[in-house]
Amino acid sequence: MLLVNFAYAIVGYLYLWIRYMDNDKVQEVKEEYYENSYVTAGATVLLSVVGTIFFIVLLIILIGTFYIVFTRPPSPY
């Protein structure tokens, strides 16, 4: 668990600094939205990315299933 929190902290730190590039703004956003924690910011960013990827994969599977079902000729039996 400690390693996961460390990874979340690194991602949160990089995300906030790349996005805002100002020490005061980073501290303000971190306190207001992320409970003054880089771990919370990193977890939010990573989980939203994973959720988006999961949604896209499910959508592709659903579209592929409909395509296969509706483009095949009906079975004679």
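Author: Asn36 counts as partly exposed, at 44% relative accessibility (buried is under 20% relative accessible area, exposed over 50% and partly exposed in between, with a 1.4 Å probe and protein chains only). This is a predicted model, in which local features need pLDDT of at least 70 and side-chain atom pairs pLDDT 80 or more, while totals for chains, interfaces and linings use all residues. Residues are numbered from 1 along each chain as its sequence is written, and side-chain values use heavy atoms, without hydrogens and water.

Asn36 belongs to the loop between H2 and H3 (helices are DSSP runs of H or I, at least four residues, numbered from the N terminus), and its phi is positive, near 55°, although the residue is not glycine. Glu35, in the loop between helix H2 (23-33) and H3, also has a positive phi, of about 55°, without being a glycine, and with a relative accessible area of 66% Glu35 is exposed.

Turning to the rings, Tyr13 and Tyr38 form an edge-to-face aromatic pair, with 5.3 Å from centre to centre and 75° between the planes (ring centres of Phe, Tyr or Trp, the last by its six-membered ring, lie within 6.5 Å; planes under 30 degrees apart are stacked, over 60 edge-to-face, the rest tilted). Because Tyr13 lies in helix H1 (residues 2-20) and Tyr38 in helix H3 (residues 38-71), the pair ties together parts that are 25 residues apart in sequence. Tyr13 is itself partly exposed, with a relative accessible area of 41%, and one aromatic cluster is formed by Tyr13, Trp17 and Tyr38.

Methods: Helix = DSSP H or I, 4+ residues; strand = E, 2+ residues; numbered from the N terminus.
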